[in-house]
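Here are my notebook entries from an afternoon of looking things up in one structure.

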Amino acid sequence: MKKNKKDASKKLTAKELQNIGFPAGKPIGTALNIIHTYFTDLGKNHQIELVQDVLTAPDQYQLHATLGPLAQAILAHKQTAPINLKAEQQPYIIYGAEGIEEGARKQMEIAMRLPVTRAGALMPDAHQGYGLPIGGVLAVENAVIPYGVGVDIGCRMSMSIYDIHKGYLDKNRDELKKMLLDNTRFGYSSFKRPMDHEIMERQEFHEIPIVHELKDRAYSQLGTSGGGNHFVEFGIVEIQDAQNEFNLPLGSYMAILSHSGSRGLGANIAGYYTKVAMDSCRLPQEAKHLAWLDLNTEAGQEYWLAMNLAGDYASACHHQIHQRLAAALGESPIATIENHHNFAWKEKDANSREYIVHRKGATPAGKGVLGIIPGSMATPGFIVRGKGEAASINSASHGAGRVMSRTQAKKTLNKPQVQKFIQKAGIDVIGSDLDEAPMVYKDIHQVMAAQQDLVEIVGTFHPKIVRMNGDEKYMEVD
């Protein structure tokens, strides 16, 4: 294994070419193919000098026997024409409009002027992001927008419900805290010996250059969670719908809820293909982060495969988190739920026309589709069933949504204030920081009220012991 890593480090990579100013997309793919086919005997520095010469003067290499295709790819890239936005913005619906900041609205308005856009909607938890706002839903024709999907590709919620009485949680808080500390990892932390998973055998890790470069890192982060708003928590679920899909009697159950995504794998895929899109889809400055990849192109197909791999990888991480905790509990769940956001789906409208639906921080809510919409560390989340509302493009919010930026939270709040709040709520918090305090989020009950036409409530989840990234004792009461 060590030998393979050493050999891999000698091989020219897409990231190294980007670092020297090489345009992303076909030029980089062509350069790597030529170097790895014809010039493997050269040292890496000589390989870089060679492709830099072609990049500097592509006209001189157009007829070169081996470097000609690279020169032609570079020239074709330079001739890419700018793309104009539509003069008029297409209409879209806003849910919970009174709670949506102006920045998110403006981003959505720009997205609705893209030539490929066919429909859009803004969920009640929406706030400003990069490209498409968080909480934005956008249906486009035969294209995918990397920043319309988001950086944390396939980020998701996963819940395991146990046939354990809620009294067990209160009587065993210290033991459950230790389970979280022993069986979860956040941020830059990882397990010394990651559990194996079939996801690592996927062909995409061998067939897509940028994904291949990320394989070792992806393996090291298996079963872990990110930073920010990612969490793993014990809590109590109240099943309220007698016709629930789990066939559970009405009542209270102990549950584990996790929220995290595709870690470094997804972030690097997003970053790379966003550059590819911006190089080939030249939009006005205000819309540049909405650059798209045509699904009829090689780059578009590559991203689609990589995005789906990242989503499946995120799911694998959640499964391992829940598998470890189930083993620690010595119990098997009686029901599980999982749903994701930060993704693009191929879906058909009422007229059977296929579109690519981006849900950046939005939950699929087609008719009968189950999902989880969390609140904050000190407020309830909800198990929901989609109503299939066409106006929302079969979507709902993915959480409460922020009312305070991370920077603003750290300037405005203080540790004793937050500790008092979570203590009053009866929550134990391990890790976290001021930027994830309950008061940085919208009122989840108002958010749910704004989307009554989109989802119905099946059950309510009350967090009790929350594990997040950060100092293990940071939010503990002194």
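**Entry 1: ground rules**

I am working with a predicted model, where local features need pLDDT of at least 70, side-chain atom pairs count only at pLDDT 80 or more, and totals for chains, interfaces and linings use all residues. Residues are numbered from 1 along each chain as its sequence is written, and side-chain values use heavy atoms, with hydrogens and water left out.

**Entry 2: α13 against α14**

I looked up how helix α13 (residues 263-280) meets helix α14 (residues 298-329): their axes come within 9 Å and cross at roughly 165°. The axes here are lines fitted to C-alpha atoms, for helices over the stretch in contact, and angles run from 0 to 180 degrees between N-to-C directions. That angle makes α13 roughly antiparallel to α14. (My cut-offs: under 35 degrees is roughly parallel, over 145 roughly antiparallel, 65 to 115 roughly perpendicular, and the rest oblique.)

I noted the crossing of α13 and α14 as left-handed. A crossing is left-handed if the near helix is turned anticlockwise from the far one by less than a right angle, and right-handed if clockwise.

Which residues make the contact? From α13 I listed Arg263, Leu265, Gly266, Ile269, Tyr273 and Val276, and from α14 Ala299, Glu302, Tyr303, Ala306, Ala310 and Tyr313. Contact means heavy atoms within 4.5 Å. By class, the residues where α13 meets α14 are nine nonpolar, one polar and two charged. (Ala, Val, Leu, Ile, Met, Phe, Trp, Tyr, Cys and Pro count as nonpolar, Asp, Glu, Lys and Arg as charged, and the others, Gly among them, as polar.)

**Entry 3: α9 against α14**

I then turned to helix α9 (residues 173-183), which packs on α14 at an angle of about 140°, with the axes 10 Å apart. That makes α9 oblique to α14, and their crossing is right-handed. Leu176, Met179, Leu180 and Asn183 of α9 meet Arg324, Leu325, Ala328 and Leu329 of α14. I sorted the contact of α9 with α14 into six nonpolar, one polar and one charged residues.

**Entry 4: buried faces**

For helix α6 (residues 102-111), I found Gly103, Ala104, Gln107, Met108, Ile110 and Ala111 buried. Buried means under 20% relative accessible area, exposed over 50%, and partly exposed in between (1.4 Å probe, protein chains only). Why do I say that the buried residues of α6 line one face of the helix? Seen down the axis, they fall within an arc of 160°, so they line one face. The arc is that of the directions from the helix axis to the C-beta atoms. Their cover includes β2 (117-127) and β3 (134-140).

In helix α5 (residues 68-78), my buried list is Gly68, Leu70, Ala71, Ala73, Ile74 and Leu75. The cover of the buried residues of α5 includes α3 (26-38) and α4.

**Entry 5: glutamine 47**

I placed glutamine 47 in helix α4 (residues 44-56). Is glutamine 47 buried or exposed? It counts as buried, because its relative accessibility is 5%. Not counting residues up to four places away in sequence, glutamine 47 touches Leu12, Ile35, Phe39, Thr40 and Leu42.

I found arginine 282 in the loop between α13 and β8 (293-294); at 37% relative accessibility, arginine 282 counts as partly exposed. From C-alpha to C-alpha, arginine 282 is 7.0 Å from alanine 81, although 201 residues separate them in sequence. Neighbours within four places aside, arginine 282 is in contact with Lys78, Thr80, Ala81, Pro82 and Ile83.

Alanine 335 sits in strand β9 (residues 335-340) and is buried, with a relative accessible area of 9%. Neighbours within four places aside, its contacts are Met159, Ser160, Ile161, Phe246 and Leu248.

**Entry 6: positive phi**

Arginine 263, in helix α13, has a phi near 55°, a positive value in a residue other than glycine. Arginine 263 counts as buried at 11% relative accessibility.

Serine 352 is not a glycine either, yet has a positive phi of about 65°. I located serine 352 in the loop between β10 (343-348) and β11 (354-360), and at 54% relative accessibility serine 352 counts as exposed.

Methods. Helix = DSSP H or I, 4+ residues; strand = E, 2+ residues; numbered from the N terminus.
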